[in-house]
Amino acid sequence: MSGYIPDEIIEEIRSRAEIREVVSEFVTLQKRGKYYTGLCPFHGEKKPSFTVNVERQIFHCFGCGEGGNVFKFLMKINNLSFPEAVRSLAAKVGVEIPVREFRGDRAEPGRREKLLKVNRLAADFFQGTLTMPESGKARAYLENRGMSPEAVRRFFIGYAPDGWHVLKNHLDRKNVAPGDGEEAGLLVRKDRDRFYDRFRDRIMFPVRDLNGNVVAFGGRILGPGEPKYLNSPETAVYTKGRVLYGLFDTKEEIRASDRAVLVEGYMDFLSLWQGGVRNVVASLGTALTRQQVQILRRFTKNVVLLFDPDQAGRHAAERSLKLFLEEGIHGWVVLLPEGLDPDAFIRKSGAESLNGLIAGAPTLTDYYIGTLMGPCSTVEEKLEQARQALPVIGTMSDAIQRDLFLRRISESIGVKEAVLEQEVRKWRARKPGEKEPSTAEPADGPPLDAVELSVLFFFMEHRSRLGGGEAWKLFPYFLDARVRAFGEAWVRAYDETGTDPETFLENEENGKIREKYYEIMIGENPFGEDVADRLLEDMTLKVRKRWYRFRHQEIQKDLLDAQKRGDADRCLRLLEEKNRMLLEERSR
Ligand SMILES: [Zn+2]
């Protein structure tokens, strides 16, 4: 059994290791400019094509295409599994890996109990601290936010004092080993045997599982500082995206009313609850996960989304729509008046009006068609929107629902259903796992599209730019289905769990994409911050242009076909579409 190693520890090991030293034990490296090169240990060669980039701590061989980080190198050269490679390197760089056999619900019973006990002790401690004289600032904050003493008690809201060892000392007094505090995510190990409190000067919101156990904490900073909200790391009892805040307390109300109101944050949850909306639950983070939807579905299939009207909120609503459709959930959506989050809205207009909004909420499908598809006047806008709807329609598993949705979109934007249907078929054909013989490519087919790969790698490098949804806007224009599928999968994984590119690439079956990634990244960074804006603009233009060219060719082909068959109707429609495309392209 290899056992589970926490992400932070893996990161720590990686940051302490020096790839050049590790590689040097097996390969004689020579410095060449910014890089080190040597004879590849993975394939026979006479001229060195094996390259190490110390700045990025990665290697790549231009001869055989092997590449990755220091763990990958060790795995490959010593024939180790990933955990084995991590462990062997840990010993070398002097990082101790905590003993823990399994993760999540499969944690050893004794271990799991222990961590839950530590969390419970901490929750009690934070709660007690809140009543101390020196915590006036924290109490004032809660009072200002309109938090009633009842809510504070019911949800175990507490305060982590401003100090480095306050909780640590308390745990010492309770005979809790600091290693256990660390494993519970409450203490951070500074070096071998020094620890400090992870949460300092923060309002503490314990997160409980369906049995009422405290499995994690969210801490809101009181002063200016960053981050505003700090959450527990993943532990043996807590996996991100698998817990819904407040569900333990509200599940009976949700079941009884057969409806849940879903919000994003702790404060939104608490103000709705206080305002009398008792079937509320919070996703904690903008991206609702499939696991969360599946948990919620055990209590109701009717979910009202309550999101901020900003861009992120809209994006979240769109994502949720897809999840709901796939998981068979009926959704409604309440968009609050511009600028107000649920908490602010209740304080301004009262719970009554919020209840009114919830009762009259449009269905998610209506919302999608009416708002996300937006009011549009020109044909180009309509087509662009139809195109954006394709991934949504394409993922719908229920054929009846799909037809209904198609019809509604067709009515709404005035594009013929048949045209949409055809587009959907094409879109689906491009998806992996839904191979249609005409479009399916063998795994080792033609070379990957270099431009689209660059766009993808650009976003991998500039992950902070993903928030605006730029990548999702571009993916539909990708012509290489393999690159698109991979890109979509990665962005989704990144949104949900923050998976970094290297880790994601390691698990990706498409070795060609991994190879290209390291081939590009091993050299001078092609995506430097100084050129990023211009680069993205150029690549965006190029990708779109090529898509239009491709579509023109397709239409041309169809047109010839229709002419041969003497199908005048079809010819006319195709010509119309061609014109529309020309207009649209020109308007960009
Ligand atoms: Zn090689």
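1. Two strands are said to pair if DSSP finds at least two bridges between them. The model under review is a predicted one, and the points below should be read accordingly.

2. On the overall make-up, the protein contains 25 helices and 15 strands. Of its 588 residues, 34% are buried. Among contacts with a separation of 6 or more, 63% are made by residues 24 or more positions apart.

3. The pairing of S10 with S11 belongs to an open sheet of four strands, in the order S6-S9-S10-S11, with antiparallel pairing. Strand S6 (158-160) and strand S11 (229-231) stand at the edges with a single partner strand each, so one side of each has no neighbour in the sheet. On average, neighbouring strands of this sheet are turned by 35 degrees against each other, direction ignored.

4. Strand S4 (residues 58-61) deserves attention for its two pairings. With strand S3 (residues 50-53), S4 pairs in the antiparallel sense over four bridges, and Val52 has Phe59 in S4 as its bridge partner. S3 and S4 form a hairpin with four residues between them, and Gln57 in the turn has a positive phi of about 60 degrees. S4 also pairs with strand S5 (residues 67-68), in the antiparallel sense over two bridges; here the bridge partner of Phe59 is Gly68 in S5. This second hairpin, of S4 and S5, has five residues between its strands, and Gly65 in the turn shows a positive phi of about 85 degrees.

5. Which way do the residues of S4 point? Ile58 and His60 point one way from the strand, while Phe59 and Cys61 point the other way, and all are buried. In a regular strand, side chains alternate between the two faces of the sheet.

6. Turning to helix packing, helix H1 (residues 7-16) and helix H4 (residues 82-93) pack at an angle of about 55 degrees, with their axes 10 Å apart. That angle makes H1 oblique to H4. The crossing of H1 past H4 is left-handed. In this contact, Ile10, Ile13 and Arg16 of H1 meet Val86, Leu89, Ala90 and Val93 of H4. By class, the contact has six nonpolar residues, no polar ones and one charged residue.

7. Finally, Glu508 lies in the loop between helix H22 (501-507) and helix H23 (511-521). Is Glu508 buried, exposed or partly exposed? Glu508 counts as partly exposed because it has 16 C-beta neighbours inside 10 Å, whereas a buried residue would need 20 or more. Leaving aside neighbours within four places in sequence, Glu508 is in contact with Phe486, Ile513 and Arg514. Glu508 and Phe486 are 22 residues apart in sequence, and their C-alpha atoms lie 8.3 Å apart in space.

Technical notes: Residues are numbered from 1 along each chain as its sequence is written. This is a predicted model: local features need pLDDT of at least 70, side-chain atom pairs count only at pLDDT 80 or more; totals for chains, interfaces and linings use all residues. Axes are lines fitted to C-alpha atoms, for helices over the stretch in contact, and angles run from 0 to 180 degrees between N-to-C directions. A residue is buried if 20 or more other C-beta atoms lie within 10 Å of its own, exposed if 12 or fewer, and partly exposed in between; C-beta atoms are placed from the backbone. Two residues are in contact if their C-beta atoms, placed from the backbone, lie within 7 Å. Angles under 35 degrees count as roughly parallel, over 145 as roughly antiparallel, 65 to 115 as roughly perpendicular and the rest as oblique. A crossing is left-handed if the near helix is turned anticlockwise from the far one by less than a right angle, and right-handed if clockwise. Ala, Val, Leu, Ile, Met, Phe, Trp, Tyr, Cys and Pro count as nonpolar, Asp, Glu, Lys and Arg as charged, and the others, Gly among them, as polar.
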